[in-house]
Amino acid sequence: MTGQTHTANAGSRRALRLGRYVLRVASPAAALGLWQLLTSLNVDLWLRFSQFPTVTDVARAFADRLAGADYWTDLTDSLTRILTGFLLAAVLGVATGVLVARSRLAEDLLGPVLEVIRPIPAIALVPVAILLFPSNEQGIVFITCTAAFFPVLVSTRHAVRALTPVWEEAVLTMGGGRWRILGSVVLPGALPGIFGGLSVGIGVSWICVISAEMISGQYGVGYRTWQDYTVVNYAGVFVGMVTIGVLGWVTSTAVELLGRRLTRWLPRTSYISGGRPPRRARDAATPAPATPRAKEEVPHDQLV
């Protein structure tokens, strides 16, 4: 009976996973079909779809762009800028967030300055980058780094401050010092919050690097997209938009997968309704077997 139940549960889980995959494929396919229908029929009901290129026009332009060398040069330049700026922001944001959360002196010195600069959109710093750095390339990396820095900083600061002091006291009791607390308690405990900020930061970085390339870049996906717009090549504009979306999705997924890899010790919840809980949760929820009472502890009138 147990084997049949397990087989039925496994089949149900496979069916649910298959259903999710079908939905994930059907959703963009339906969106593309609706796009093709509205643009091919030149529908103008307040929204002017007659001005849009069709899906086939964009696909044709995409194929032509893939065959040229400029597309891959733009892709390489944008990825180099985003990865350089994002990695700098990750290191500086985590270090500054931990420092501000752990040191009152650092909070008093850096806190007011950071809070004044934080509301300024990173793209508004383009004139500053042009005046400050000798090349446009360095200025774009600076804009990208600034865009991702503050989400990482804020999430790291909140994650560190939310840690329970019991863990730190336990390390101190065992003779651990400040660096041991940092490596064994602060950074591992704050990892979920840190990766939350990194996930937000990579998305904001793409927004700002594309905008910076449009304003002052030479080569790059943003630069090429703006050039297509200026020459009224709307199919090329959509090629750039699709490229930006795919690159943003890939990099965000990579950050999320890395976060899951480094926080494997955290309990996971399942999206599948009624699905089998994780092994750790099952082990924690399973009560320990009751210890049989000794024979002499059982009342005499209950003995069989």
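This is a predicted model: local features need pLDDT of at least 70, side-chain atom pairs count only at pLDDT 80 or more; totals for chains, interfaces and linings use all residues.
The largest pocket holds about 330 Å³ of space, and the structure has nine salt bridges.

**The largest pocket**
- Two helices, α3 (69-102) and α8 (178-216), are the elements that each give two or more residues to the lining of this pocket.
- Helix α8 supplies the largest share of that lining, with five residues.
- Sorted by class, the lining has seven nonpolar residues, three charged ones and one polar one.
- Among the lining residues you'll find Trp179, Leu182, Arg102 and Glu168.

- Asp57 pairs up with Arg60, and their closest N and O atoms sit 3.1 Å apart.
- Both belong to helix α2 (residues 55-66), three residues apart, or about one turn of the helix.
- Asp57 is partly exposed, because its relative accessibility is 31%.

**Salt bridges between helices**
- Arg224 and Asp74 meet in a salt bridge at 2.8 Å, N to O.
- Arg224 is in helix α9 (residues 221-230) and Asp74 is in helix α3, so this pair ties together parts 150 residues apart in sequence.
- Arg224 counts as buried at 19% relative accessibility, and Asp74 counts as buried at 3%.
- Arg161 and Glu107 form a salt bridge too, at 3.0 Å from N to O.
- Since Arg161 lies in helix α6 (residues 136-161) and Glu107 in helix α4 (residues 104-117), the pair ties together parts 54 residues apart in sequence.
- Arg161 is partly exposed at 40% relative accessibility, and Glu107 is partly exposed at 33%.

**A linked group**
- Arg81, Glu137 and Glu213 are joined in a network of salt bridges.

Terms used:
Residues are numbered from 1 along each chain as its sequence is written. Side-chain values use heavy atoms; hydrogens and water are left out. On a 1 Å grid over the protein atoms alone, a cavity is a set of points where a 1.4 Å probe fits but cannot get out, and a pocket is an open set with protein on both sides within 12 Å along at least five of seven lines; lining residues have an atom within 4 Å of a point. Grid points are joined across faces, edges and corners, and a volume is the space filled by probe spheres set on the points. Helices (H or I, at least four residues) and strands (E, at least two) are DSSP runs, numbered from the N terminus. Ala, Val, Leu, Ile, Met, Phe, Trp, Tyr, Cys and Pro count as nonpolar, Asp, Glu, Lys and Arg as charged, and the others, Gly among them, as polar. A salt bridge is a side-chain nitrogen of Lys or Arg within 4 Å of a carboxyl oxygen of Asp or Glu. Buried means under 20% relative accessible area, exposed over 50%, partly exposed in between (1.4 Å probe, protein chains only).
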